[in-house]
Amino acid sequence: YAVCQVGMNSLLPGAATHFLAFSVNADGDMRTGLSFEILDRTMDFPTVTVQGLQFTDIDLDMGEIGGPVIWYEPANTAGLTKYSVYIAVDTAGTLRQHLGDVPVGDTDFSMKLDV
């Protein structure tokens, strides 16, 4: 199939709401084309966070951790699709590593033993 790439940060012309594609030959454009509604992603990142994050290490080996990571959901979860769990070397998330994802509605993540 054909691909027409729209560059990043392209301005949306006027009140445009759809992309359209028409077949064309030497006599002109086809009278009806195919349309697709434009979904303008606004980069509207979440403004709510989980609360009461806790971890209990149940791995008995020195230098290894494992066990449940638990939290309280925000009061308003509208628009959230999941929670992502990471481990990092500081509170700023330096060198963070993704451990897994949890659906909204769940409030715990089981970290495998011997990590």
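Reader: What do buried, exposed and partly exposed mean here?
Author: Buried means under 20% relative accessible area and exposed means over 50%. The probe is 1.4 Å, and only protein chains count. The range in between is called partly exposed.

Reader: Is Phe 22 buried, exposed or partly exposed, and where is Phe 22 found?
Author: This is a predicted model, where local features need pLDDT of at least 70, side-chain atom pairs count only at pLDDT 80 or more, and totals for chains, interfaces and linings use all residues. Residues are numbered from 1 along each chain as its sequence is written, and side-chain values use heavy atoms, with hydrogens and water left out. Phe 22 sits in the loop between strand E1 (18-21) and strand E2 (24-25). Its relative accessibility is 39%, so Phe 22 counts as partly exposed.

Reader: Which residues form a nonpolar patch on the surface with Phe 22?
Author: A patch takes residues with over 30% relative accessible area and no salt bridge; nonpolar side chains (Val, Leu, Ile, Met, Phe, Trp, Tyr) are joined within 5 Å, like charges within 9 Å. Areas come from the Shrake-Rupley method with a 1.4 Å probe, and for residues only the protein chains shown count as cover. Together the members have about 410 Å² of accessible area.

Reader: What is the order of strands in the open sheet of three strands?
Author: Strands are DSSP runs (E, at least two residues), numbered from the N terminus, and two strands pair if DSSP finds at least two bridges between them. Three bridges join E5 (residues 51-55) to E6 (residues 67-72). Four bridges join E6 to E9 (residues 108-111). Pairing is antiparallel, and the order is E5-E6-E9.

Reader: Which strands stand at the edges?
Author: Each edge strand has a single partner strand, so one side of each is left without a neighbour in the sheet. The edge strands are E5 and E9.

Reader: Which residue of E6 is the bridge partner of Gln 54?
Author: Gln 51 has Tyr 72 as its bridge partner in E6. For Gln 54, the partner in E6 is Ile 70.

Reader: Which residues form the salt bridge?
Author: A salt bridge is a side-chain nitrogen of Lys or Arg within 4 Å of a carboxyl oxygen of Asp or Glu. A search of the whole structure finds one. The closest N and O atoms are 3.3 Å apart, and the pair is Asp 101 and Lys 82.

Reader: How many residues apart are Asp 101 and Lys 82?
Author: Asp 101 lies in strand E8 (residues 97-103), and Lys 82 in strand E7 (residues 82-87). The pair links distant parts of the chain, and the separation is 19 residues.
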